[in-house]
Amino acid sequence: MPTFFHYSDINDWSKANSLLLCNDLLYSIERNGTFNDVLITDPFTDGNNLMEEHEKDIGLLHNITEKVFPVFVDFEYEIKNVAPYNISIGCNCTENEKEWLEEKILTPNYPTVEFDILRVSLNNLSSTCDLFIIFGDENLSLYKSNITSLLKNGKGFVLIRNFSSEPDSFTKELFGINYSPAPGPFPEEDLTFTNLSNKRTAGIAKRFINNLIRINTTGGTGKLHLKNQTYDVNISGNFVNITNCSKTISEGETCTISGVANITLYQIDPLSKDWIDIKIASYNTNKRDYIFRDNFPKTVEKNNYTILSSGTNSGANARVLKNYSNSYENEPRVFWIYDYDKNKDDLNLLLKTGIIWASGEHYFIFNKKIPEKRDYCMHFYSGLRGNNIPFIVKLYFFGY
């Protein structure tokens with residue numbers, strides 16, 4: 001058996017045994033749903049003290065793993081394709097733009113509950129951030145060296161910008177922009193998800209229908225803005241009524257606004273009813289086949305990275321920049337979206353989804369230092385709590 005696992009010392013049974021234990025543990029964790037609790041902090045199951053419960057779930061995983069391996073073996077879990085509990089963001093933006101992100105975009109999501117955002121300048125980007133958001137017509141070629149070094153460390157970038165003139169070459173390269181000038185004004189029209197069979201861009205659409213819109217309902221009422229319509233939201237006890245929805249819904253239930261969307265109530269603020277969280281999806285058979293509506297500038301051509309389009313024009317691109325990294329774990333992601341109508345909750349949700357995706361969705365559970373001399377086993381999971389978004393777990397073990 002040691003020979004089968006390619007160890008140099010054919011009598012090194014301890015490594016072979018640890019590898020068997022490693023694989024068995026990851027398989028068992030899949031079967032009993034342990035990662036559903038470790039990776040998703042959920043108010044349905046964890047109550048109001050989310051951080052406290054999150055730490056308890058991680059502590060339980062540590063205890064389980066510690067009991068499986070011998071006492072002289074240490075371990076670490078690496079997660080790929082699931083966002084962490086906290087995402088740190090550097091924002092090249094005004095104070096008003098930062099406040100808008102905090103209030104309308106960076107609301108709690110699951111598994112990500114917290115977003116830490118700090119205003120930064122392009123000539124002084126902090127490597128402690130997971131990703132960077134850039135507003136407006138910046139010449140990114142002027143900062144190419146700094147941005148490139150961060151990309152090589154797996155950092156993501158999000159650009160929110162219309163293109164009324166030819167952008168610099170580095171912006172075009174990073175975000176897949178094919179500029180094609182078109183005369184305005186641009187009418188309101190439908191925009192749909194594109195390339196849903198593409199393994200990279202399909203992930204954005206899958207995340208979109210699993211992410212949350214938070215609606216302010218202070219006083220028991222609020223507004224939901226989808227496509228080009230506004231809907232009244234009213235809370236009565238544990239039930240929510242939304243204008244034109246097919247029925248009144250409670251947590252976990254779905255109603256349909258005909259021709260617009262399916263709406264699922266995820267949760268109601270358990271303390272003061274000041275907000276609700278909802279999920280939206282297409283009313284068609286394919287839940288990801290959602291149609292947006294907005295005044296859309298036709299100045300960027302559709303390409304293989306496009307996830308939002310109308311005809312031959314692109315409104316959002318998502319790219320994985322493999323050429324900036326030597327390892328799958330550190331492949332940086334970039335996301336561009338046009339400067340849309342920021343009152344629209346569905347487009348706000350698309351930006352939120354792009355931010356979470358661009359963060360890299362890659363982290364370590366315990367943040368231990370992993371030595372060069374280590375071994376690991378790896379397991380592929382089909383998704384968390386029915387979201388069908390696959391992810392990878394590597395379990396490193398060392399110190400034997």
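Which residues of strand S10 (residues 239–242) are on its covered face, and which on its uncovered one? I looked this up before anything else. Val240 and Ile242 make the covered face of S10. Phe239 and Asn241 make the uncovered one. I recalled a rule here: in a regular strand the side chains alternate between the two faces of the sheet. I also noted that this is a predicted model.

**Entry: the partner of S10**

I then followed S10 to strand S9 (residues 229–236). Four bridges join the two strands, and they run antiparallel. S9 and S10 form a hairpin, with two residues between them. In the turn I found glycine 237, with a positive phi of about 65°.

**Entry: helix H6**

Next I took helix H6 (residues 144–152). I found Ile147, Thr148, Leu150 and Leu151 buried.

I asked what the buried residues of H6 pack against. I listed strand S4 (131–135), strand S5 (156–160), helix H7 (169–175) and strand S17 (333–337). Just after H6 I marked glycine 154, which takes a positive phi of about 85°.

**Entry: two buried loop residues**

I checked serine 359 in the loop between helix H9 (345–358) and strand S18 (362–364). Is serine 359 buried or exposed? Its relative accessible area is 9%, so I wrote down buried. Leaving aside neighbours within four places in sequence, I found serine 359 in contact with Ile87, Asp130 and Leu131.

Valine 260 lies in the loop between strand S11 (254–257) and strand S12 (261–268). Valine 260 is buried too, with a relative accessible area of 11%. With neighbours within four places in sequence left aside, I noted its contacts: Leu226, Lys227, Tyr231, Tyr283 and Tyr290. I also took a distance from valine 260 to phenylalanine 157. Their C-alpha atoms are separated by 31 Å, and the two residues are 103 apart along the chain.

**Entry: salt bridges**

How many salt bridges does the structure hold? I noted 16. I went through some of them.

Aspartate 345 forms one with lysine 104, and the closest N and O atoms are 3.6 Å apart. This pair links distant parts of the chain: aspartate 345 is in helix H9, lysine 104 is in helix H5 (residues 95–105), and 241 residues separate them. Aspartate 345 counts as buried, at 5% relative accessibility. Lysine 104 is partly exposed, at 36%.

Arginine 214 and aspartate 277 meet in a salt bridge of 2.8 Å, N to O. I placed arginine 214 in strand S7 (residues 213–216) and aspartate 277 in strand S13 (residues 275–281), 63 residues apart. Arginine 214 is partly exposed at 22%. Aspartate 277 counts as buried, at 0%.

Glutamate 166 and lysine 172 meet at 2.5 Å, N to O. I found glutamate 166 partly exposed at 46%, and lysine 172 partly exposed at 28%.

I also found a network of salt bridges that links Glu188, Asp190, Arg293, Asp294 and Lys344.

**Entry: a surface patch**

Last, I looked at the surface. Tyr376, Met378 and Phe380 make a nonpolar patch of about 310 Å². Phenylalanine 380 is in strand S19 (residues 375–381). Its relative accessibility is 54%, so I counted phenylalanine 380 as exposed.

Notes:
Residues are numbered from 1 along each chain as its sequence is written. This is a predicted model: local features need pLDDT of at least 70, side-chain atom pairs count only at pLDDT 80 or more; totals for chains, interfaces and linings use all residues. Side-chain values use heavy atoms; hydrogens and water are left out. Buried means under 20% relative accessible area, exposed over 50%, partly exposed in between (1.4 Å probe, protein chains only). Contact means heavy atoms within 4.5 Å. Patches are made of residues with over 30% relative accessible area and no salt bridge: like charges are joined within 9 Å, nonpolar side chains (Val, Leu, Ile, Met, Phe, Trp, Tyr) within 5 Å. Accessible areas come from the Shrake-Rupley method with a 1.4 Å probe; for residues, only the protein chains shown count as cover. A salt bridge is a side-chain nitrogen of Lys or Arg within 4 Å of a carboxyl oxygen of Asp or Glu. Two strands pair if DSSP finds at least two bridges between them.
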